[in-house]
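Work through these exercises with the structure open. Try each task before you read its solution.

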Amino acid sequence: MIKNRSARGHFFFEPTNLKKKICFATNNPNKLSEVQQMLEGEYEVLSLKSIGCEEELPENQETLEGNSLEKAQYVFDKYQISVFADDTGLEVSGLNGRPGVYSAMYAGPHRSDEDNMSKVLDELATQSDRAAKFRTIITLINSIETVQFEGTVEGTITETPSGEQGFGYDPIFIPVGFNETFAQMSCHEKNQISHRKRAVQKLVNFLKSDS
Ligand code: IMP
């Protein structure tokens, strides 16, 4: 708010930025700009860096729900700002839901997408059930409530990787209703149907109805 003087000499407050602030507990610029666009005009969406959070967030839980809650709670408690955090995993039916919450480092702590995909393909070699889904959980925490939103996309795991787009397990995942992998789709096409987009859309609908 800026204090200004009117023509008659009265002071009035000029609204400069009435948008509510909310932190997205990520430093991934692609995720951030996607949500910023969806909430444009209603919320100012801040990255971790912009609230002064440079440290790695804790992710010590054994479920996507637990990890996204842990990350959001850490930021809320330490920085006292409304916040949401996401966590995503690939759940393969024939592998009892693995890699799931361990998707990022399934083949080890070096986080190589190629090694992670190879491990899934090797483990599936003797399985006939190749059904899988990506699942994203977003946890929102503000001063009055904690709410979780889920987004999923079902599909199958291919026998070999195909495509150059995307990241992570995209080259081995074909969503239901398509005959190409996520990595063969344009970024725009994938983002229309992705697990993350579906979870973000639920969050955005909630925030818009709440504001
Ligand atoms: P995060 O929770 O978004 O960091 O995702 C954890 C891990 O899941 C990533 O390191 C990837 O291996 C995998 N992953 C998440 N989202 C996607 C996706 O859209 N496509 C492929 N792999 C993904």
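**Exercise 1.** In which crossing, left-handed or right-handed, does H1 pass H5?

*Solution.* Start with the ground rules. The model is predicted, so local features need pLDDT of at least 70 and side-chain atom pairs count only at pLDDT 80 or more, while totals for chains, interfaces and linings use all residues. Residues are numbered from 1 along each chain as its sequence is written, and side-chain values use heavy atoms, with hydrogens and water left out.

Helices (H or I, at least four residues) and strands (E, at least two) are DSSP runs, numbered from the N terminus. A crossing is left-handed if the near helix is turned anticlockwise from the far one by less than a right angle, and right-handed if clockwise. H1 passes H5 in a right-handed crossing.

**Exercise 2.** Describe how H1 packs on H5.

*Solution.* Take the geometry: the angle is about 40° and the axes lie 10 Å apart. Axes are lines fitted to C-alpha atoms, for helices over the stretch in contact, and angles run from 0 to 180 degrees between N-to-C directions. Then list the contacts (heavy atoms within 4.5 Å). H1 brings Lys-31, Glu-34, Val-35 and Met-38. H5 answers with Arg-196, Lys-197, Val-200, Gln-201, Val-204 and Lys-208. Sort the contact by class: 4 nonpolar, 1 polar and 5 charged residues. Here Ala, Val, Leu, Ile, Met, Phe, Trp, Tyr, Cys and Pro count as nonpolar, Asp, Glu, Lys and Arg as charged, and the others, Gly among them, as polar.

**Exercise 3.** Which residue has a positive phi although it is not a glycine? Which residues does a cis peptide bond join?

*Solution.* Check phi: Gln-80 has a value of about 50°. Gln-80 is in the loop between H2 and S5. Now check omega: at about -5°, the bond joining Arg-98 and Pro-99 is cis. Pro-99 lies in strand S6 (residues 99-100).

**Exercise 4.** How many helices and strands does the protein have?

*Solution.* Count 5 helices and 9 strands. Along the sequence they read β-β-β-α-β-α-β-β-α-β-β-β-α-α. The C-alpha atoms fill a box of roughly 80 × 35 × 25 Å, taken along the principal axes.
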